[in-house]
Amino acid sequence: MHKPTIELDIAYHLSGSDETLPNQEDSRIAWAAAWIAEQFKLSKLYASIAIVDDETMRQLNAERLGHDWPTDVISFVLDELDDSVEGEVIASAETAAQMCSAAGWSAEDELLLYIVHGLLHAVGMDDIEPEDRHAMRLMERDCLLALGVAHAKLHVLRFDAVTHSEVDP
């Protein structure tokens, strides 16, 4: 199989000027998308990725999923056709900045995890059932390791111990 075509539209929508929030495009996002596309044998992966603050995430989570709280990431499949996927990923830079110390890595690494998680949902993985969740955590870990993220080996143990939904406002 040839290398997949990767198209990413990445936009940052952060209010205020909190300099602790990741606010620049991370080249590892494109590498992660390519790695995921190759693992799932896709010929094309298109993703719109929005990096937002918690208030924007709360609004989008309420509008789209009926959950009136901020969360780390939400994602949607927009179109699937044979070996091509188009998806949308919305990740919270503010939640990443709050949660990164639990992982012992930077807010940029935490945000990258959220984007990887969202992209995996977009290509068909789920994390509702325990066995599916474990498979997804392993795929996240393997992707982060492939990208050289420090502490990614500990990811599977750490992630399920941290609650990312219903973060206190």
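Q: Why does Arg 58 count as partly exposed?
A: The relative accessibility of Arg 58 is 25%, and because buried means under 20% relative accessible area, exposed over 50% and partly exposed in between (1.4 Å probe, protein chains only), Arg 58 counts as partly exposed. This is a predicted model, in which local features need pLDDT of at least 70 and side-chain atom pairs count only at pLDDT 80 or more, while totals for chains, interfaces and linings use all residues. Residues are numbered from 1 along each chain as its sequence is written, and side-chain values use heavy atoms, with hydrogens and water left out.

Q: What makes the contact of Arg 58 and Asp 68 a salt bridge?
A: The side chains of Arg 58 and Asp 68 meet at 2.4 Å, N to O, and the term requires a side-chain nitrogen of Lys or Arg within 4 Å of a carboxyl oxygen of Asp or Glu, so the pair qualifies as a salt bridge. Arg 58 lies in helix H2 and Asp 68 in the loop between H2 and E3, so the pair ties together parts that are 10 residues apart in sequence; helices (H or I, at least four residues) and strands (E, at least two) are DSSP runs, numbered from the N terminus.

Q: Why is Asp 68 called exposed?
A: Asp 68 has 53% relative accessibility and therefore counts as exposed.

Q: How do you know that Glu 7 and Lys 44 form a salt bridge?
A: Their side chains meet at 3.3 Å, N to O, and because the limit is within 4 Å, the pair of Glu 7 and Lys 44 is a salt bridge. Glu 7 lies in strand E1 (residues 5-13) and Lys 44 in strand E2 (residues 44-52), so this pair ties together parts that are 37 residues apart in sequence. Glu 7 is partly exposed, with a relative accessible area of 33%, and Lys 44 is partly exposed as well, with 31%.

Q: Why is Glu 55 called partly exposed?
A: Glu 55, whose place is in helix H2 (residues 54-65), has a relative accessible area of 41% and is therefore partly exposed.

Q: What makes strands E3 and E4 a pair?
A: Two strands pair if DSSP finds at least two bridges between them, and 8 bridges join strand E3 (residues 73-81) to strand E4 (residues 84-92), which run antiparallel, so the two strands pair. Val 73 stands opposite Ala 91 in E4, and in the hairpin, which has 2 residues between the strands, Asp 82 takes a positive phi near 50 degrees.
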